[in-house]
Amino acid sequence: MGLELYLDLLSPPCRTVYIFAKKNGIPFEFKEVELMKGDHISEEFGKVNPVRKVPALKDGDFTLAESVAILLHLARKYKVPDHWYPADLEKRAKVDEFMSWHITTLRQHTGKAFWLKTMAVALLGKPLPPEKIEAGLQELHATLKQLEEVFLQDKPFVTGDKISLADLLSICDIMQSFGGGHDVFEGCPKLAAWRQRVESEIGVELFIEANGGIQDAKSFSEQKIPPEVAKRLMARLQHHLGQH
């Protein structure tokens with residue numbers, strides 16, 4: 001059996017892995033795991049990833065979870081172009097630095113904005129009070145300002161002149177905001193120009209293929225969510241609302 005990638009393209013980390021594999025011509029079988037249907041909590045998927053999260057990788061008897069670990073494994077095994085994760089130690093360290101910041105900061109705030117604007121409607125049947133949504137969006141915009149001023153600066157891409165894993169991880173998380181109908185690039189010309197460069201490097205067709213589903217927020221509110229899944233999702237929503 002060949003490489004299998006277990007993904008749901010509504011998930012930013014899954015879109016990152018999907019785009020990376022497709023862009024670099026890595027052959028794989030796409031195993032769809034529909035989170036909103038609870039596929040990830042099935043016994044079958046638990047054999048691939050006992051933590052029951054996507055993305056997950058299976059290659060023969062070898063399994064691997066966590067998006068960054070999967071990306072680095074694919075980069076090394078398939079010897080992708082150096083710009084994705086440079087061999088130069090200092091250039092690589094800057095990618096590592098950004099990926100660490102991304103996990104603790106950018107992903108947290110893009111995810112929170114998505115949950116407050118989109119998932120809340122799907123779970124509660126109505127929008128949250130505007131002030132709660134606005135607070136989440138303010139956190140997101142402060143983080144995007146930091147991305148722009150501290151990391152991107154005047155460079156074409158986040159860590160230098162060429163696209164890297166840092167850009168790919170970022171764009172997939174930032175696109176999550178479109179799930180709530182919120183265009184974070186509006187009024188941010190530098191960030192918008194960076195998005196266009198990243199999209200061009202990835203390829204417009206592949207970019208739309210991977211990110212198209214997240215832009216249809218209506219689909220979330222119309223889905224019938226199984227009770228066990230709804231319970232888990234509600235716990236995450238309460239976390240984002242600061243209710244523990």
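How many helices and strands does the protein chain have?

**Figure 1. Overall fold of the predicted protein chain.** The protein chain has ten helices and four strands, where helices (H or I, at least four residues) and strands (E, at least two) are DSSP runs numbered from the N terminus. From the N terminus on, the order of elements is β-α-β-α-β-β-α-α-α-α-α-α-α-α. Residues are numbered from 1 along each chain as its sequence is written, and side-chain values use heavy atoms, with hydrogens and water left out. Because the model is predicted, local features need pLDDT of at least 70 and side-chain atom pairs count only at pLDDT 80 or more, whereas totals for chains, interfaces and linings use all residues.

**Figure 2. Close-up of the pairing of S1 with strand S2, residues 29-32.** These strands pair in the parallel sense over four bridges, a pair being assigned if DSSP finds at least two bridges between two strands. Glu32 in S2 is the bridge partner of Leu7.

**Figure 3. Close-up of the pairing of S1 with strand S3, residues 56-59.** Here the pairing is antiparallel and also extends over four bridges, and Tyr6 stands opposite Ala56 in S3.
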